[in-house]
Amino acid sequence: MAEEVVLLDFWPSPFGMRSRIALAEKGIKYEHKEEDLRNKSALLLQMNPVHKKIPVLIHNGKPVCESLIQVQYIDEVWHDKAPLLPSDPYQKATARFWADYVDKKIYEVGGRVWKTKGEKQATAKKELIETLKLLEKELGDKPYFGGESLGYVDVAFIPFYSWFYALEKCGNFSIEAECPKLIAWAKRCMQKESVAKSLPDQQKVYDFILEMKKHFGIE
Amino acid sequence: MAVLKLFGAWPSPYVFRVIWALKLKGIPYEYIEEDLSNKSPLLLQYNPIHKKVPVLVHDGKLICESIVILRYIDEIWPQNPLLPADPHERAVALFWIKFADDKSPFISKLYRTDGEEQQVAAKECFEMLEVIEGHALVGEKKFFGGDEINMVDIAFCSVAHWLGVIEGFTGLKIFEPHKFPRLNSWIQNFKSVPVIKDNLPDTDKMSVVLKRRREMLLASKSS
């Protein structure tokens, strides 16, 4: 039976990027459907009635919601190529812990960097750098969080790199100056075709953030 | 010498999740109670990132975050599996487990806050119950995964037990059986499972402890 894979997505979403990367790593052909989040499609509302959010992965008509769950699902179903999660249960647990950490921290703290000013922004910047330094420490001397090859934590985290330029401009700071090893890791990931073609151009993301700021009345 | 150690703090629902998983699989373990107002050097060493319980130590390996721990336990000891084998069914189970994890903190907020903050938490809790009733428990199911208890049921434990106790001493009324009939049935089913029934924190004791915690938190806020 032919596999039918559809991804409901929104181009600047770091969560959508995760699934794009996973699908590309496995060489899966899929239909990419761009959603207008101000005018959500009937398909999106039907496939994710609880949250009405992207990304949604639809495999042979059945939806999988939440980006990290999608990455795990893709890894399980297409297990014969480019494994993303380690097979050892303890290493798997460690990978899940760090992906969960990225999920809990980066989006929320990063959001505060571009959405706030003054004192609040200074606090957010400090928290972001602390979070990134912790991740940099976890990376250590490994080429990837997954070891010798791109793994689950790399896929969970690398999409946020496409937002770094925008955050740096909004916050007037340099992430590379604080976390050089992390930026080296990011550039290494970007050399992979699956990552490079899944992440949007950083300038485009910055323009998008500026539009959002105008829309929400944030100066 | 115990191969498995669990660091917990009574009456954390996140710790009980791990206790139930270990008992459902019949795995022996040593339990170490932590005083969260005075965290032991061992806990701070074992979970330097979040400084929280539960922490599982298995043959010297440290695992943190209750759902990460549960998945680890399920993989090492596959008897009485806690997740479906089918990838899509498993993805659906994980979706509800994440939902439970994202929303459960609002149940704690009910006793940790007052005024507007508490009202916001109450609204979030009510909406959470509506979603569970309308989406997660559709179909004549005893438990979230069918006839047997699994990780989704365990993940929603705060709804089954902690919510009622907190409503009791805060005077809030969020869950009403006639408004949430499916949820009401599920709560009865969940609490009837022998491992759960025999290992639920005592409601009177919980009320005393959480009420005291509430008083301390609100007092320190106003000072």
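**View 1. Trp77(B) in its loop.** Trp77(B) lies in the loop between helix H3 (66-76) and H4 of chain B; helices (H or I, at least four residues) and strands (E, at least two) are DSSP runs, numbered from the N terminus. In this predicted model, local features need pLDDT of at least 70 and side-chain atom pairs count only at pLDDT 80 or more, while totals for chains, interfaces and linings use all residues; side-chain values use heavy atoms, with hydrogens and water left out. Residues are numbered from 1 along each chain as its sequence is written, and chains are lettered from A and ligands numbered from 1 in the order in which they are written. With a relative accessible area of 18%, Trp77(B) is buried (buried means under 20% relative accessible area, exposed over 50%, partly exposed in between, with a 1.4 Å probe and protein chains only). Not counting residues up to four places away in sequence, Trp77(B) touches Leu4(B), Lys25(B), Ile27(B) and His58(B), where contact means heavy atoms within 4.5 Å. Pro181(B) is 104 residues from Trp77(B) along the chain, and the C-alpha atoms of the two are separated by 35 Å.

**View 2. The sheet of chain B.** Four strands form an open sheet in the order S2-S1-S3-S4 (chain B), with mixed pairing; two strands pair if DSSP finds at least two bridges between them. Strand S2 (30-33) and strand S4 (61-64) of chain B are the edge strands, and each pairs on one side only. On average, neighbouring strands of this sheet are turned by 20 degrees against each other, direction ignored. Axes are lines fitted to C-alpha atoms, for helices over the stretch in contact, and angles run from 0 to 180 degrees between N-to-C directions. Strands of a sheet pair through backbone hydrogen bonds, either parallel or antiparallel. In which sense do S3(B) and S4(B) pair? Their pairing is antiparallel, over four bridges. His58(B) stands opposite Lys61(B) in S4(B). H1(B) lies across S1 and S2 of chain B and runs at about 155 degrees to S1(B).

**View 3. Two cis peptide bonds in chain B.** The peptide bond from Trp10(B) to Pro11(B) is cis, with omega near 0 degrees. Pro11(B) is in the loop between strand S1 (4-8) and helix H1 (13-24) of chain B. Another cis bond, also with omega near 0 degrees, runs from Val53(B) to Pro54(B). Pro54(B) belongs to the loop between helix H2 (41-46) and strand S3 (55-58) of chain B.

View 4. Asn199(B) is placed in the loop between helix H9 (194-197) and helix H10 (203-222) of chain B. Is Asn199(B) buried or exposed? Asn199(B) is buried, because its relative accessible area is 17%. Leaving out residues up to four places away in sequence, Asn199(B) touches Phe16(B), Trp20(B) and Lys23(B).

**View 5. H4(B) against H10(B).** The axes of H4(B) and H10(B) come within 8 Å and cross at roughly 70 degrees. The two helices, H4(B) and H10(B), are therefore roughly perpendicular to each other (angles under 35 degrees count as roughly parallel, over 145 as roughly antiparallel, 65 to 115 as roughly perpendicular and the rest as oblique). Leu110(B), Tyr111(B) and Arg112(B) of H4(B) make the contact with Leu210(B), Arg213(B), Arg214(B), Leu217(B) and Leu218(B) of H10(B). By class, the contact of H4(B) with H10(B) has five nonpolar, no polar and three charged residues. Ala, Val, Leu, Ile, Met, Phe, Trp, Tyr, Cys and Pro count as nonpolar, Asp, Glu, Lys and Arg as charged, and the others, Gly among them, as polar.

**View 6. H3(A) against H4(B).** Helix H3 (residues 67-77) of chain A and helix H4 (residues 87-112) of chain B have axes that come within 10 Å and cross at roughly 165 degrees. H3(A) and H4(B) are therefore roughly antiparallel to each other. Chain A supplies Ile69(A), Gln72(A), Tyr73(A), Glu76(A) and Val77(A) of H3(A) to the contact, and chain B supplies Pro87(B), His88(B), Arg90(B), Ala91(B), Leu94(B) and Phe95(B) of H4(B). The residues of this contact of H3(A) with H4(B) divide into seven nonpolar, two polar and two charged.

View 7. Glu66(A), in the loop between S4 and H3 of chain A, has a phi near 80 degrees, a positive value in a residue other than glycine. At 21% relative accessibility, Glu66(A) counts as partly exposed. Ala82(A) has a positive phi of about 45 degrees although it is not a glycine. Ala82(A) lies in the loop between H3 and helix H4 (89-115) of chain A. Ala82(A) is partly exposed, with a relative accessible area of 25%.
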